[in-house]
Amino acid sequence: LIDDGLCCWKPLPERGANHRQVIRNLKQRLRLKRIEVVIPTHYHGDHTENIPELVALEGTAVVSLDVVADPIESPERYAGKLSCLLPWYDAGNDAIKIDRRLASGQHLQWHEFDIELFLFAGQTYYHAGIDVVIDGQRVLFVGDGPSVVSLVCEPPLCYNDAEPEHRGWAFALDRIAEHKPELLVYGHAGYQWQPLQVLPRKQALWRQRLQDFHTLSARPDLREF
């Protein structure tokens, strides 16, 4: 499973009951015996809130990119520095134990699938991309990644530590280009077939935006700007 946060903004007992029903439905319809592994794309609570319950229900192992694992496992260290940490969601669990950490570029062998986790950044610096070949197609799971078809540059988000050039949106677009996916799978039910056909246009928009930022800034580093 990639991420587990259902964005069900109801009282905690109803949120838990909804999650348990969704997991039962998934297992029944897809004929799954058990969800063995969950990989969070990033630390935001709407992508991690239900993971502790999944672990309790299924004995699921949590595998994470090391950069993503830190604010998930020790959110108190990032309080006041990052937005959307798990404690804000009042889900009954303020931290999640990570069972296995992988450095950027390391691979997880899961059954017949060779899964690469890599630093993706984008909406937040603490964000993983997940690269895997499924049915002969190269698929990238990119969580809250940038839209490759939008002709608008995404806003820099300072409380996600996402300076765009080296830690944020432009950086993430370059990682998509490097991995050459045939399918992008976003969080929140989005996807894009053949993204490389439209990606250069979006990269050009961001190159111009970065040039504008450097022109406006009196500082050498856009992170300071």
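Colleague: Which strand is the place of isoleucine 134?
Modeller: Isoleucine 134 lies in strand β6. Strands (E, at least two residues) and helices (H or I, at least four residues) are DSSP runs, numbered from the N terminus. Please note that this is a predicted model, in which local features need pLDDT of at least 70, side-chain atom pairs count only at pLDDT 80 or more, and totals for chains, interfaces and linings use all residues. Residues are numbered from 1 along each chain as its sequence is written, and side-chain values use heavy atoms, with hydrogens and water left out.

Colleague: How exposed is isoleucine 134?
Modeller: Isoleucine 134 is partly exposed, at a relative accessible area of 29%. Buried means under 20% relative accessible area, exposed means over 50%, and partly exposed lies in between, with a 1.4 Å probe and protein chains only.

Colleague: And what does isoleucine 134 touch?
Modeller: Leaving aside residues up to four places away in sequence, isoleucine 134 touches Phe113, Val139 and Phe141. A contact here means heavy atoms within 4.5 Å.

Colleague: How far apart in space are isoleucine 134 and aspartate 114?
Modeller: Their C-alpha atoms are 9.6 Å apart, with a sequence separation of 20 residues.

Colleague: Back to the strand. How do β6 and β7 run, and how many bridges join them?
Modeller: β6 and β7 run antiparallel and are joined by 5 bridges. Two strands pair if DSSP finds at least two bridges between them. Within this pair, aspartate 131 stands opposite leucine 140 of β7. The hairpin has 2 residues between the strands, and aspartate 135 takes a positive phi near 50° there.

Colleague: Why is β7 largely enclosed?
Modeller: Strand β7 (residues 137-143) has 5 of its 7 residues buried, so the rest of the structure largely encloses it. β7 is also joined to strand β8 (residues 183-186) by 4 bridges, and these two run parallel. There, valine 139 has leucine 183 of β8 as its bridge partner.

Colleague: New topic: which residues of helix α4 are buried?
Modeller: In α4 (residues 66-73), the buried residues are Val68, Ala69, Pro71 and Ile72. Their cover includes α2 (45-48), β2 (61-65), β3 (100-102) and β6 (128-134).

Colleague: What share of the 225 residues is buried?
Modeller: Buried residues make up 48% of the 225. Of the contacts with a separation of 6 or more, 65% come from residues 24 or more positions apart.
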